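The sequence and structure are shown first, and the commentary follows.

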Amino acid sequence: MGKKILIIEDEAKIMRTVRLYLEQAGYEVVWASDGTQGLAAFRHEKPALMILDLNLPGDLDGLDVCRAIRRDSNVPIIMLTARTEETDRLIGLELGADDYITKPFSPREVVARVRAVLRRTEQSDTVPEIVTTSDIQADLQRRTVTVAGVSVELTANEFDLLITMMRYPGRVYSRAQLLEATQGASYEGYERTIDQHVKNLRQKIEPDTRDPRYILTVRSIGYKFTEG
Ligand code: CA
């Protein structure tokens with residue numbers, strides 16, 4: 001059996017189709033039809049990836065489930081959404097989803113996205129000492145960074161900020177999440193201080209701060225490290 005995928009989806013027809021295609025692609029599939037069952041399944045099945053419907057019946061919708069899981073897990077999450085509004089998409093990503101698929105979709109597309117997200121997140125998980133993304137290389141032990149082979153001096157905050165985003169290229173982080181990553185979970189700081197850190201960081205690593213190549217701004221949400 002291949003990697004275990006948890007699907008949380010209340011529409012039986014969609015769930016069955018996605019499950020069938022994923023099983024044909026060699027994955028083991030478990031599923032739940034609401035948020036409460038889904039969270040329970042997540043805890044005891046320990047899936048390698050989750051496919052999570054945004055609009056679920058019952059007490060917990062997809063966003064609640066995503067938020068609950070992200071409190072203590074980095075499991076890759078692909079959101080399914082019937083809503084096409086940009087804001088919903090961004091809310092999902094802000095809460096830490098790795099990708100999203102808008103309904104209606106082809107099951108083949110789901111399989112392709114699952115593969116892509118697993119590949120992306122596995123790379124970031126299997127290199128704990130040195131993280132390399134784009135032209136940037138960070139040594140976690142020595143806390144040193146080089147950009148295109150040239151070493152740059154970062155403050156502790158700038159280093160933590162960069163590493164947080166570099167580990168998951170393309171994942172959108174809100175200012176609150178970045179603040180938590182750099183200052184610790186209990187820190188009650190000003191989210192705007194993140195903007196200042198990002199500004200300083202860009203001055204040190206970006207060839208052109210007016211047209212950032214590595215750390216991209218996600219309007220009204222926060223920042224992400226480039227995927228390309
Ligand atoms: Ca639904």
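Leaving aside its neighbours within four places in sequence, K103 is in contact with E9, E11, I14, D53, L80, T81 and A82. The model is a predicted one. K103 belongs to the loop between β5 (99-102) and α5, and its relative accessibility of 15% places K103 among the buried residues, because buried means under 20%. One of its partners is joined to it by a polar contact: the side chains of K103 and E11 meet at 3.0 Å.

**The calcium site**

D53, listed among the contacts of K103, is also a ligand of the calcium ion. Which residues coordinate the calcium ion? The donors are D10 (OD), D53 (OD) and N55 (O), at 2.1 to 2.4 Å. Along the chain these donors follow the spacing D-x42-D-x1-N. D10 lies in the loop between β1 (4-8) and α1 (12-24), whereas D53 is in strand β3 (residues 49-53), so the pair ties together parts that are 43 residues apart in sequence. The two aspartates also fall into separate classes of accessibility: D10 counts as partly exposed at 30%, while D53 counts as buried at 1%.

**Helix α5**

The loop that holds K103 lies between β5 and α5, and helix α5 itself spans residues 107-126. Two residues of this helix are described here. V110 is found in α5 and is buried, with a relative accessible area of 1%. Beyond its neighbours within four places in sequence, V110 is in contact with V18, I51, I101 and F105. R108 is likewise found in helix α5, but R108 counts as exposed at 61% relative accessibility, since exposed means over 50%.

R171 is found in the loop between α6 (156-167) and β10 (173-174). Is R171 buried or exposed? With a relative accessible area of 3%, R171 is buried. The charged end of R171 sits over the ring of Y168, 4.1 Å from its centre. When neighbours within four places in sequence are set aside, the contacts of R171 are R70, N74, G96, A97, D98, Y223 and K224.

K224, one of the contacts of R171, lies in strand β12. K224 is partly exposed, with a relative accessible area of 23%. Not counting residues up to four places away in sequence, K224 touches M165, G170, R171, V172, Y214, I215, L216 and V218.

Y214 lies in the loop between α8 (192-205) and β11 (215-218) and F225 in strand β12 (residues 222-225), so the pair ties together parts that are 11 residues apart in sequence. Both partners are buried: Y214 has a relative accessibility of 1%, and F225 has a relative accessible area of 0%.

**Separations between C-alpha atoms**

| Residue pair | Separation along the chain | C-alpha to C-alpha distance |
|---|---|---|
| V110 and V18 | 92 residues | 7.3 Å |
| R108 and L22 | 86 residues | 8.7 Å |
| K224 and L162 | 62 residues | 9.6 Å |

V110 and V18 are also in contact with each other.

**The chain as a whole**

How many helices and strands does the chain have? There are 8 helices and 12 strands. Of the 228 residues in the chain, 46% are buried. Considering contacts between residues at least 6 apart in sequence, 58% join residues at least 24 apart. The accessible surface of the chain comes to about 11,800 Å², and 47% of this area belongs to carbon and sulfur atoms.

Definitions and conventions. Residues are numbered from 1 along each chain as its sequence is written. This is a predicted model: local features need pLDDT of at least 70, side-chain atom pairs count only at pLDDT 80 or more; totals for chains, interfaces and linings use all residues. Side-chain values use heavy atoms; hydrogens and water are left out. Helices (H or I, at least four residues) and strands (E, at least two) are DSSP runs, numbered from the N terminus. Buried means under 20% relative accessible area, exposed over 50%, partly exposed in between (1.4 Å probe, protein chains only). A charge sits over a ring if NZ of Lys or CZ of Arg is within 6 Å of the ring centre and within 35 degrees of the ring normal. Donors are N, O and S atoms within 2.8 Å of the metal (3.2 Å for Na, K and Ca); water is not among the atoms, so sites may look incomplete. Contact means heavy atoms within 4.5 Å. Accessible areas come from the Shrake-Rupley method with a 1.4 Å probe; for residues, only the protein chains shown count as cover. A polar contact is a pair of N or O atoms within 3.5 Å; within protein, one must be able to donate a hydrogen and the other to accept it, and residues adjacent in sequence count only if both atoms are side-chain atoms.
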